[in-house]
Amino acid sequence: MTVLTPGTSPGPPAGDRGVPTVTELRISAFRSHRGAVFPLGPVTLFAGPSGSGKTSVLEVYDALSRLAGGAELGAVFRDPGGCVPERAGPDAEGRRGFRIGCTVEGPAGPVRLDLAVQAEPELRIVGERLTCDGQTLLTTALRDPGRSTVQAAWYTAGTAPVTRAPLPDDLLGTALLPLRVAGKTAGQLRVLAAAEQVVLALRSVFGCDPLPSRMREPVALGDARLRRGCDNLAGVLWRTQHQCAKRHARLAAMVRAGCAGPVEALTAEELADGRVRALLGRGGPSATPLGRLGDGELRYLALALVLLTGPGVLAMDPVAEVPAAMQALTVLADGFDRSMDGRQTRELLALAASVCAEQHIRLVGTVTDTSASYARGVDGVAVVDLGP
């Protein structure tokens with residue numbers, strides 16, 4: 001068991017730098033956070049009282065992920081003014097904003113991405129910096145507020161030390177570099193390797209928030225990539241039952257450990273109208289539809305399914321041109337233990353620790369203080385306490 005506080009190290013990076021992995025989040029100024037540095041291990045859980053900023057940490061990670069995937073700034077930050085730290089006054093020109101960043105370990109070494117976003121009077125990226133081992137590889141700065149561009153300079157190490165060009169102020173510059181950098185000099189190749197490492201790690205994220213109220217109904221056959229809300233759970237169980245026998249058997253074992261009453265089997269059946277529903281076999285002639293389970297049981301089942309399946313079964317866009325062995329999926333789970341009892345939380349934490357130890361799945365979540373006390377007894381789980 002590892003207990004982390006802001007500023008401490010999570011240990012060596014995953015895969016001995018073989019798999020690009022986000023190992024640190026930096027929240028210099030965002031909502032209630034100022035000057036915060038959060039190391040991330042294979043399983044990292046944030047605990048603390050209401051209002052301590054647990055959800056904000058996951059929002060930052062999700063925002064960086066979406067920007068790395070090419071999303072526009074306005075689509076990522078719907079309420080940019082709400083992201084500015086409270087009591088942060090405007091500068092002389094009436095501007096207010098926030099600053100976030102991360103570190104990605106991988107073959108290129110530790111690469112830092114830092115982002116300054118202006119929220120008011122208009123939303124735009126006003127500064128971005130990409131560095132590796134202390135060397136600046138990319139910087140951007142807002143030179144002319146009247147234009148919707150920033151001036152970018154990236155390392156070249158050729159006849160000219162840097163290349164300068166304008167980039168849009170509503171897109172992540174790091175994600176644009178593979179389209180802009182020629183890759184002819186050693187410097188350009190280093191820039192490309194660093195940018196691709198960051199983009200690959202940030203894009204490999206699946207935000208999951210199972211919604212039991214939407215998981216109880218049968219779903220269309222063929223709807224077999226699990227969505228963020230897990231409302232198509234029955235369709236995914238149909239797929240795992242027929243295509244992933246070993247994983248499905250392990251999932252059934254998790255259900256036996258965490259659901260009330262005897263569980264002989266976990267199955268999915270096709271109905272006459274072409275839809276699919278999931279069932280728990282109880283050992284008798286009848287079975288219990290999953291729609292009759294409690295909220296905690298459904299959330300427990302959905303999160304176990306996410307941890308046991310991986311990107312191929314989740315509704316996300318993995319980097320198709322990169323081999324799966326070079327990608328580490330990160331699951332973001334706000335309210336990881338919501339609606340679950342202590343037994344279910346302990347079983348799910350044990351599963352997360354076991355699966356994430358293999359280094360191709362990582363988990364970042366938020367939990368209550370009660371669940372944090374369980375987590376502190378699980379090897380491989382790091383707890384970050386945001387309390388006083």
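In which sense do strand β11 (residues 205-207) and β16 pair, and over how many bridges? The legends below take up this pairing first and then turn to other parts of this predicted model.

**View 1. Strand β16 and its pairing with β11 and β17.** Strand β11 (residues 205-207) and β16 pair in the parallel sense, and the pairing runs over 3 bridges; within it, V205 stands opposite T330 of β16. With strand β17 (residues 361-366), β16 again pairs in the parallel sense, here over 5 bridges, and G365 of β17 is the bridge partner of A333.

View 2. Strand β16 covers residues 329-333, and because 5 of its 5 residues are buried, the strand is largely enclosed by the rest of the structure. L329, V331 and A333 point one way from β16, while T330 and L332 point the other way, and all of these residues are buried. Together with helix α8 (residues 342-356) and β17, strand β16 makes a right-handed β-α-β unit.

View 3. D62 has its place in helix α1, which spans residues 54-68. Is D62 buried or exposed? Its relative accessibility is 18%, and since the cut-off for a buried residue is under 20%, D62 counts as buried. If residues up to four places away in sequence are left aside, D62 touches R228 and L332; L332 is one of the buried residues of β16.

**View 4. The open sheet of 8 strands.** This open sheet has antiparallel pairing, and its strands follow the order β3-β2-β5-β6-β7-β8-β9-β10. Strands β3 (33-39) and β10 (162-168) stand at the edges with a single partner strand each, so one side of each is left without a neighbour in the sheet. Neighbouring strands of the sheet are turned against each other by 15° on average, with direction ignored.

View 5. Strand β9 (residues 149-155) pairs with β10 in the antiparallel sense over 7 bridges, and V150 has L167 of β10 as its bridge partner. Helix α3 (residues 173-180) packs on the sheet, where it touches β6 (111-120), β7 (124-132), β8 (135-141), β9 and β10, and the direction of α3 makes about 120° with that of β10.

**View 6. The crossing of helices α5 and α6.** Two packed helices are described by the angle between their axes and the distance between the axes. For helix α5 (residues 233-243) and helix α6 (residues 245-258), the axes come within 6 Å and cross at roughly 120°, and α5 and α6 are therefore oblique to each other. Their crossing is left-handed. The contact is made by L237, T240, Q241 and Q243 on the side of α5, and by A245, H248 and L251 on the side of α6.

**View 7. The packing of helix α5 against helix α7.** Helix α5 and helix α7 (residues 295-309) pack at an angle of about 40°, with their axes 12 Å apart, and this angle makes α5 oblique to α7. Helix α5 passes α7 in a left-handed crossing. Which residues meet in this packing of α5 and α7? From α5 they are L233, V236, L237 and T240, and in α7 they meet L301, A302, L305 and T309.

Note on methods
Residues are numbered from 1 along each chain as its sequence is written. This is a predicted model: local features need pLDDT of at least 70, side-chain atom pairs count only at pLDDT 80 or more; totals for chains, interfaces and linings use all residues. Side-chain values use heavy atoms; hydrogens and water are left out. Buried means under 20% relative accessible area, exposed over 50%, partly exposed in between (1.4 Å probe, protein chains only). Helices (H or I, at least four residues) and strands (E, at least two) are DSSP runs, numbered from the N terminus. Two strands pair if DSSP finds at least two bridges between them. A crossover is right-handed if, with the strands pointing away from the viewer, the path from the first strand over the helix to the second runs clockwise. Axes are lines fitted to C-alpha atoms, for helices over the stretch in contact, and angles run from 0 to 180 degrees between N-to-C directions. Angles under 35 degrees count as roughly parallel, over 145 as roughly antiparallel, 65 to 115 as roughly perpendicular and the rest as oblique. A crossing is left-handed if the near helix is turned anticlockwise from the far one by less than a right angle, and right-handed if clockwise. Contact means heavy atoms within 4.5 Å.
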